[in-house]
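Work through the exercises below with the model open. Each task is followed by a stepwise solution.

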Amino acid sequence: MSNSLLVVGPCSYAPERFYVLKIIFNEFLGIDYMYEEVPTVKYVEIRVIDDPSKVIVWPDLFFQIEPVKWLTPKSLPIEPLRIWHVKEDLPEVVLAKPNIPIIFGVNSEGWLKQVENKIELGIDIAGSVFFILTRYEELVVAERDEHERFPAKASLAYRAGFLDRPIVDEYIEILWACMKRLWPGLRRKERRYRIWLSHDVDVPLCAAGKPWIMVLRNAGGDLVKRKNISLFVRRVQSRLLNEPRVDPCNTFDFIMDMSERYGLKSTFFFKAGSSNPLYDNDYSLGDPWIQTLMQRAYERGHEIGIHPSYESYKDEKTLRLECERLRRVAESLGISQECWGSRQHYLRWENPTTWQICDESGLDYDSTLGFADHVGFRCGTCHEFPVFNLRTRRPLRLRERPLIAMDGTLLAPQYMALRPEQALAWIERLSSICRRFGGTFSLLWHNSSLIESWQRNLYLEALEVAVK
């Protein structure tokens, strides 16, 4: 059977519709399709070209919004969201949980109705996927935290209880299960689970070359708060000798050793500039020790990326200059990569500005989109995807690698404030879900969060549960 599909639907919001259908069918499922516009219909219809007698239909709701309401609160989903007990109607589908919230949908005679060769779905698949992937609500909802970030707790996913599941992947799995019912011979693109480890190099060294007042303050914390005499000695010794090799934050060889033990690559995101002295002044790419570190990571088979400065997330000139600086230094060190990516400092991100300026700066991917205050699936998926600018209504060359979990999010007192065993349970749960959907478990762990033995042990346990 041919895998080619004919998709019939309305002509409203054509750029948005073409983008999301390409994501669903080409990018995620790996199936070719043709789209036929019919101005009078308010549904989407799918047929296999070689077998047109069978059809799947879903309502077209989100892309029927009046233009005057687009990107306004009136276009947001109505809450509380309704729930579909999917497994009762579609037991063969792959899901994170048996029930699923409906972002946009209509339930006239059930969420799934099958009569012979026709399946009617009540979910607006395309509209819901578009809404989550493009982070539509983040351009509508004004709430921000102290770093001007959209917080997890302001998101629909958090309020409706689906931040811990890749709802975009689940909606596509529902569609795929329906397609397989009608066309058992259809084939989709194979996707395999992988782990992507990344490390934002915020503080490469925390004693060597640092002001004594800062070192002594932290050393006092080693004795009083952490009750760690060994760490106290190492910190003071590193400052006395100005020796990076014994610096507590110099955990890079440990990181690379552990990645290589499990057959993984690490990506190290380095700063290449300063735009806010309160948050950026820690090191320079001109530092010979930093350059040696970059070169050693590359020679061991790991990757280099950029960790743009605090204000760069909405400043194209600053971001472009920092990207150029990193590339110049990398070239001088013999570092040659086909793919260059970024993660914004403090996970600062503005929709769609940051994506647009990353694209214009020549970056291949971004990996900023995880919430700082709660782990989970901010983009609703554990798969990399090409992004869309909601303002210009155009797809970009840039791809997003969603960030699923970060050490600070799990452990920091201002965020989830979990105990190590609780953090490990979250890592095991999220990585297991990514495995179920053949996705990528993206884990960010800072070199400066591996200073104490319990931190290193937690990191090793995290790798163990993610790899198993």
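**Exercise 1. A covered strand**

Solution. Helices (H or I, at least four residues) and strands (E, at least two) are DSSP runs, numbered from the N terminus. This is a predicted model, where local features need pLDDT of at least 70, side-chain atom pairs count only at pLDDT 80 or more, and totals for chains, interfaces and linings use all residues. Residues are numbered from 1 along each chain as its sequence is written, and side-chain values use heavy atoms, with hydrogens and water left out.

Step 1: Strand β11 covers residues 303-306 and runs parallel to β10, with four bridges joining the two. Two strands pair if DSSP finds at least two bridges between them.

Step 2: Strand β9 (residues 194-201) also runs parallel to β10, through five bridges. Here L197 stands opposite S266.

Step 3: Check the cover. Strand β10 spans residues 266-270, and five of its five residues are buried. Buried means under 20% relative accessible area, exposed over 50%, and partly exposed in between (1.4 Å probe, protein chains only).

Step 4: Sort the side chains. S266, F268 and F270 point one way, T267 and F269 the other. In a regular strand, side chains alternate between the two faces of the sheet.

**Exercise 2. Salt bridges across the sequence**

Task: How many salt bridges does the structure hold?

Solution. Step 1: The structure holds 36 salt bridges (a side-chain nitrogen of Lys or Arg within 4 Å of a carboxyl oxygen of Asp or Glu).

Step 1: D60 and R17 meet at 2.7 Å, N to O. D60 is in the loop between β4 and β5 and R17 is in helix α1 (residues 14-29), so the pair ties together parts 43 residues apart in sequence. Both residues are buried.

Step 2: D282 pairs with K210, the closest N and O atoms being 3.5 Å apart. D282 lies in the loop between α9 (277-280) and α10 (288-299), and K210 in the loop between β9 and α6, so parts 72 residues apart in sequence are tied together. D282 is partly exposed because its relative accessible area is 26%. K210, at 12%, is buried.

Step 3: E311 and R348 meet at 3.4 Å, N to O. E311 sits in the loop between β11 and α11 (316-332), R348 in the loop between β12 and α12, 37 residues apart. E311 is partly exposed at 28% relative accessibility, whereas R348 is buried at 4%.

Step 4: Look for shared partners. Such salt bridges join D253, D257, E260, R296 and R300 into one network.

**Exercise 3. Backbone checks**

Solution. Step 1: The bond between E79 and P80 is cis, with omega about 0°. P80 is in the loop between β4 (51-59) and β5 (82-85).

Step 1: N351 and P352 are also joined by a cis peptide bond, with omega about -5°. P352 is in the loop between β12 (341-342) and α12 (353-360).

Step 2: E148 is not a glycine, yet its phi is positive, about 65°. E148 belongs to the loop between α3 (125-133) and α4 (156-159). With 42% relative accessible area, E148 is partly exposed.
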